[in-house]
Amino acid sequence: MFQTLYSYFWWERLWLPANLTWADLEDRDGRVYAKASDLYVTLPLAFLFLVVRHLFETYVATPLAGLLNVKEKIRLKATPNAVLEKFYAATTKHPKQADVEMLSKKSGCTVRQVERWFRRRRNQDRPSLLKKFREASWRFTFYLLAFIAGMAVIVDKPWFYDLREVWKGYPIQSMLPSQYWYYIIELSFYWSLLFSIASDVKRKDFKEQIIHHVATIILISFSWFANYIRAGTLIMALHDSSDYLLEVWPPRQGVGRPVGDGVPVPARNRAASPRRIMHCTVVYPLDLYPAFFGYYFFNFMMVVLQSLHIFWAYLIIRMAQKFITGKVVEDERSDREETDNSEEEEEAAKNGPLSNGHPVLNNNHRKTD
């Protein structure tokens with residue numbers, strides 16, 4: 001059964017153009033080709049990346065946050081309450097009014113105290129600014145170094161300047177050592193992002209992030225064993241060229257102000273620049289061979305990634321508009337911090353209702369001339 005599925009999966013007509021077989025991509029005459037078995041090493045390397053990331057965040061990002069005066073916001077902690085904690089963990093973090101009233105009776109707290117408790121408890125679970133900064137610092141460092149490495153790999157190649165060269169002689173295109181390491185490192189990194197996504201800062205686009213990581217891993221892997229390596233290196237370098245910029249954009253971290261008005265530039269890179277790559281992968285191959293399953297599969301996954309990039313570009317541009325006008329200074333993908341009005345509530349209980357932060361005069365007092 002397993003052998004049958006294995007044979008069907010590696011059927012040449014799925015992944016290679018007509019009249020070509022895997023035997024055509026075997027090493028010979030000094031030519032070295034990519035092999036699917038090469039990618040096994042990316043899994044242990046992904047865990048090595050997680051170790052390196054932990055060391056980087058501890059010994060580099062954390063001291064850097066102190067130097068940049070990235071301060072934590074002081075959050076009031078919810079008072080320990082077994083009844084409310086059980087409901088919070090097992091049922092929902094956002095109880096309805098009926099649930100609040102029921103919990104008020106069970107816990108012996110007032111309705112307002114229950115609402116305040118859930119508000120504080122939700123804020124406790126929200127990631128700290130330091131955690132966001134550490135994660136962003138790690139991703140920025142990798143993407144920047146990967147972009148520099150990627151440019152070093154492809155800048156002297158003819159297909160960097162003429163995209164038709166991407167398919168010249170395909171699939172009989174020998175793999176270079178620089179391409180090997182670029183692929184292995186990129187794929188290992190995306191595996192590490194997928195492994196750590198559950199413990200990283202969770203945003204509203206959590207599902208989209210998973211789809212993006214999985215689609216990227218599939219694309220890199222497929223382009224490797226189908227020998228789409230020239231196209232793959234261009235695509236990875238294009239992604240890295242905007243990713244490192246996005247990681248240092250102030251609204252993503254909730255700190256600082258933009259350096260200039262060119263904030264949406266990474267969004268334009270994400271949504272617009274890949275059109276030349278898409279043209280390269282959709283149109284140019286048809287000049288050499290008829291469309292086959294691998295051709296459709298590769299471009300379908302490209303469309304999935306491009307759709308996600310358009311979605312994120314929309315969010316980025318919307319954030320940029322609000323950020324520039326001073327309406328928002330935080331990532332719209334993140335849950336917003338809830339304001340804790342407990343101090344004002346307690347003040348009101350002592351001194352009566354507040355108006356603009358000051359006690360309202362008692363109506364029984366007479367107005368004096």
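On a 1 Å grid laid over the protein atoms alone, a cavity is a set of points where a 1.4 Å probe fits but cannot get out, and a pocket is an open set with protein on both sides within 12 Å along at least five of seven lines, while lining residues have an atom within 4 Å of a point. Grid points are joined across faces, edges and corners, and a volume is the space filled by probe spheres set on the points. By this rule, five cavities of 30 Å³ or more were counted. The model is a predicted one, in which local features need pLDDT of at least 70 and side-chain atom pairs count only at pLDDT 80 or more, whereas totals for chains, interfaces and linings use all residues. Residues are numbered from 1 along each chain as its sequence is written, and side-chain values use heavy atoms, with hydrogens and water left out.

The protein has 15 helices and two strands; helices (H or I, at least four residues) and strands (E, at least two) are DSSP runs numbered from the N terminus. Of its 369 residues, 42% are buried, where buried means under 20% relative accessible area, exposed over 50% and partly exposed in between, with a 1.4 Å probe and protein chains only. The protein exposes about 21100 Å², of which carbon and sulfur atoms supply 60%, as computed by the Shrake-Rupley method with a 1.4 Å probe, with only the protein chains shown counting as cover for residues. Contact is taken as heavy atoms within 4.5 Å, and among contacts between residues at least 6 apart in sequence, 78% join residues at least 24 apart.

An unreviewed UniProt entry places the feature "transmembrane region" at residues 45-68, 140-160, 180-198, 210-229 and 293-317; such positions are given in the numbering used here, feature names are shortened, and annotations may be inferred rather than shown by experiment. Over residues 180-198 the chain is 89% helix and 0% strand, with the end C-alpha atoms 29 Å apart.

Asp-27 lies in the loop between α2 (12-15) and α3, and it counts as partly exposed because its relative accessibility is 39%. Beyond residues up to four places away in sequence, Asp-27 touches Val-32, Tyr-33 and Lys-35. A polar contact is a pair of N or O atoms within 3.5 Å; within protein, one must be able to donate a hydrogen and the other to accept it, and residues adjacent in sequence count only if both atoms are side-chain atoms. Asp-27 and Ser-174 are 147 residues apart in sequence, yet their C-alpha atoms are 8.8 Å apart.

Ser-104, in helix α5 (residues 97-107), is classed as buried because its relative accessible area is 11%. A polar atom of the Ser-104 side chain lies 2.4 Å from the backbone oxygen of Cys-109. Phe-160, in the loop between α7 (129-154) and α8 (177-196), is partly exposed, with a relative accessible area of 28%. The C-alpha atoms of Phe-160 and Thr-233 are separated by 9.6 Å, although these residues are 73 apart along the chain.

Most residues other than glycine have a negative phi, and most peptide bonds are trans. The peptide bond from Tyr-170 to Pro-171, however, is cis, with omega near 0 degrees, and Pro-171 is placed in the loop between α7 and α8. Asn-69, in the loop between α3 and α4 (82-90), has a positive phi near 60 degrees. Asn-227 likewise has a positive phi, of about 65 degrees; this residue lies in the loop between α9 and α10 and is buried at 3% relative accessibility.
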